[in-house]
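Here are my notes on this one, in the order I'd go through it with the viewer open. Have a look at the model first, then read the points below.

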Amino acid sequence: MGEPVIESMAEVRSHLADVLDRARRDEIPTIITRRGKQEAVVIDIREYRRLSRLAEQAEESWLNQLADEAESEGSEGSVSLEEMAALLRTPDA
């Protein structure tokens, strides 16, 4: 993946097809800014899917590690892996 290009929303709006082509063909992401603040990134769909898989694998590994630690400490007050995952995904939990 190449170094990202930083463009304002107005710039991206004026040549969105080029931004998409750059992400897909050249594997160069575009960081979109609004009022000088970085807001979003355009990346190739394959890269997005790869990153999503990596994030899921990392989360699963982390949850398994937590479950192993909890199991080694005993079962009193414990929750299932599914309950723990739900708690961790709940905002402000």
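This is a predicted model: local features need pLDDT of at least 70, side-chain atom pairs count only at pLDDT 80 or more; totals for chains, interfaces and linings use all residues.

1. Let's begin with Glu-7, which is buried, at a relative accessible area of 11%. Buried here means under 20% relative accessible area, exposed means over 50%, and partly exposed is in between (1.4 Å probe, protein chains only).

2. Residues are numbered from 1 along each chain as its sequence is written, and side-chain values use heavy atoms, with hydrogens and water left out.

3. What does Glu-7 form a salt bridge with? The partner is Arg-22, and the closest N and O atoms are 3.6 Å apart. The cut-off for a salt bridge is a side-chain nitrogen of Lys or Arg within 4 Å of a carboxyl oxygen of Asp or Glu. Glu-7 sits in strand E1 (residues 5-8) and Arg-22 in helix H2, so the pair ties together parts that are 15 residues apart in sequence. Arg-22 is buried as well, at 16% relative accessibility. Helices (H or I, at least four residues) and strands (E, at least two) are DSSP runs, numbered from the N terminus.

4. Staying with H2: Val-19, Arg-22 and Ala-23 are its buried residues. Looking down the helix axis, they fall within an arc of 95°, so they line one face of H2. That arc is taken over the directions from the helix axis to the C-beta atoms. On the face turned away from the buried side you'll find the exposed residues Ala-17 and Arg-25.

5. How many salt bridges does a search of the whole structure find? It finds seven. Arg-24 is partly exposed at 45%, and Asp-21 is partly exposed at 27%.

6. Being three residues apart in H3, they are separated by about one helical turn. Glu-47 is buried at 17%, whereas Arg-50 is partly exposed at 37%.

7. Two backbone angles deserve a look. Most residues other than glycine have a negative phi. Glu-27, not a glycine, has a positive phi of about 55°; it lies in the loop between helix H2 (16-25) and strand E2 (30-34) and is partly exposed at 43%. Arg-35, also not a glycine, has a positive phi of about 55° too. Arg-35 is in the loop between E2 and strand E3 (37-42), and counts as exposed at 83% relative accessibility.

8. Last, helix H4 (residues 81-89) holds Met-84, which is buried at 16% relative accessibility. Where is Met-84 relative to Ala-67? The two are 17 residues apart in sequence and 8.7 Å apart in space, C-alpha to C-alpha.
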